[in-house]
Amino acid sequence: MELKSNHSSPVLTDPIPVNNSRLGIHSNLLSYQQSGGSLSSGKYMTIPRKKPGKLEDVWSNGWLEAMRSSSPPRKRLIKDKDFTIEAAADDFDIAYCSWMIKYPSALKSFDQILKNAKNKKVAVFLDYDGTLSPIVDDPDRAFMSDSMRSAVRDVAKYFPTAIISGRSRDKVYELVGLTELYYAGSHGMDIMGPVSHAESGDHPNCIRSTDQQGKEVNLFQPAREFIPMIDEVLKTLVENTKDIKGANVENHKFCTSVHYRNVEEKNWPTIAQRVHDILKDYPRLRLTHGRKVLEIRPVIDWNKGKAVEFLLESLGLSDRDDVLAIYIGDDKTDEDAFKASKYNSNSRFTVFRERNLGYGILVSSVPKESNAFFSVRDPSEVKKFLKALVTWKKFEKA
Ligand SMILES: O=P(O)(O)OC[C@H]1O[C@H](O[C@H]2O[C@H](CO)[C@@H](O)[C@H](O)[C@H]2O)[C@H](O)[C@@H](O)[C@@H]1O
């Protein structure tokens with residue numbers, strides 16, 4: 001599907017994604033399908049509520065397995081009757097080293113990246129949590145360090161730079177606090193980008209607005225019509241999880257997150273089942289798994305990858321060979337961006353897997369399958385990489 005035609009309506013005509021089993025949407029939800037691609041106010045609220053499901057639901061649809069495998073601990077713990085010790089580092093290190101053959105270090109491969117970046121327009125896309133800030137227990141305290149902020153500020157001086165986050169755009173802007181960047185919140189469903197060079201600016205969901213400094217910008221919100229539904233679900237989620245100690249529901253305007261990082265593992269089936277029961281009434285919403293978080297979002301053909309394509313187009317960087325896009329992210333939702341495509345002379349190219357169009361860099365200190373090309377261990381290595389990019393550019397300019 002071409003980017004242009006995509007922009008005409010990102011709302012999927014089939015409300016259940018093709019790969020619903022991967023997303024953990026139970027097949028019996030198909031009976032709730034509504035026809036047509038648009039929502040009329042209140043229509044989705046009349047669906048009768050089903051009785052709460054049984055815990056087998058969340059076992060059989062793979063939710064619990066996905067919850068357990070999200071954000072695995074760095075080292076295995078071996079339990080002895082008297083004490084607990086960390087598993088032999090050797091085993092882990094061997095696994096990590098062999099994984100790095102497939103996903104080489106972006107720092108160690110820096111020369112290779114530069115070789116490709118030479119004479120090209122480089123654009124930088126950055127995820128926030130786990131990439132610019134370390135993962136912490138309290139999502140409201142996921143601050144980035146001043147040194148990271150200054151590295152990102154420097155990158156933005158030399159390259160068009162955007163933050164693409166699962167958080168709401170306002171929240172991620174508040175955490176990053178840099179005016180020189182573009183921001184895409186709610187997994188790309190809320191983009192504040194440049195006043196467009198391209199057709200992306202003509203889309204009905206794209207309106208002219210002004211940023212915090214009064215500068216003219218394009219605001220692209222392809223899931224606008226879902227706001228009342230998300231709002232309603234948010235309230236139900238808060239109400240239905242309030243007795244689960246440690247559960248935390250976050251509002252991202254176009255999507256919502258249910259955190260279970262601070263919930264005792266024995267209660268994970270309960271939180272999963274409660275979310276599952278609520279989603280049964282909303283066939284136009286789907287679930288994705290993040291790092292100890294269940295993310296509920298509209299079933300639209302839009303994600304972080306589409307946001308990257310949209311921003312490349314808005315920046316006038318689509319349909320060109322002399323562009324190198326770099327995307328750095330740590331989470332499952334960043335995989336959509338690692339798979340992003342761009343259009344060149346009417347053909348489609350994968351931006352990040354194709355080595356000469358862009359690089360996806362996965363932030364991970366544990367081996368995991370990814371569509372990224374390179375890897376870095378943690379946010380401190382992200383910072384080193386960003387600083388190296390700036391040093392190269394300064395040197396190139398001198
Ligand atoms: O796309 P991102 O910017 O990476 O946002 C994804 C989610 O990030 C946040 O949650 C994650 O980080 C928290 C703070 O370190 C951590 O407590 C949580 O367990 C992680 O899942 C954010 O709070 C979520 O709403 C985002 O969906």
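**Around the ligand**

In serine 165, a polar side-chain atom lies 2.7 Å from an oxygen atom of the ligand. This is a polar contact, a pair of N or O atoms within 3.5 Å. The ligand taken alone exposes 570 Å², and the protein buries 99% of that; such areas come from the Shrake-Rupley method with a 1.4 Å probe. The model is predicted, so local features need pLDDT of at least 70 and side-chain atom pairs pLDDT 80 or more, while totals for chains, interfaces and linings use all residues. Residues are numbered from 1 along each chain as its sequence is written, and side-chain values use heavy atoms, without hydrogens and water.

Backbone atoms also take part. A backbone N or O atom of valine 136 lies 2.5 Å from an oxygen atom of the ligand, and for tyrosine 128 the corresponding distance is 3.4 Å.

How many residues surround the ligand? There are 21, and the closest are Val136, Glu250, Arg261, Arg291 and Glu295; a residue is counted if one of its heavy atoms lies within 4 Å. By class, this shell has seven nonpolar, five polar and nine charged residues, with Asp, Glu, Lys and Arg counted as charged, Ala, Val, Leu, Ile, Met, Phe, Trp, Tyr, Cys and Pro as nonpolar, and the others, including Gly, as polar.

Notes:
A polar contact is a pair of N or O atoms within 3.5 Å; within protein, one must be able to donate a hydrogen and the other to accept it, and residues adjacent in sequence count only if both atoms are side-chain atoms.
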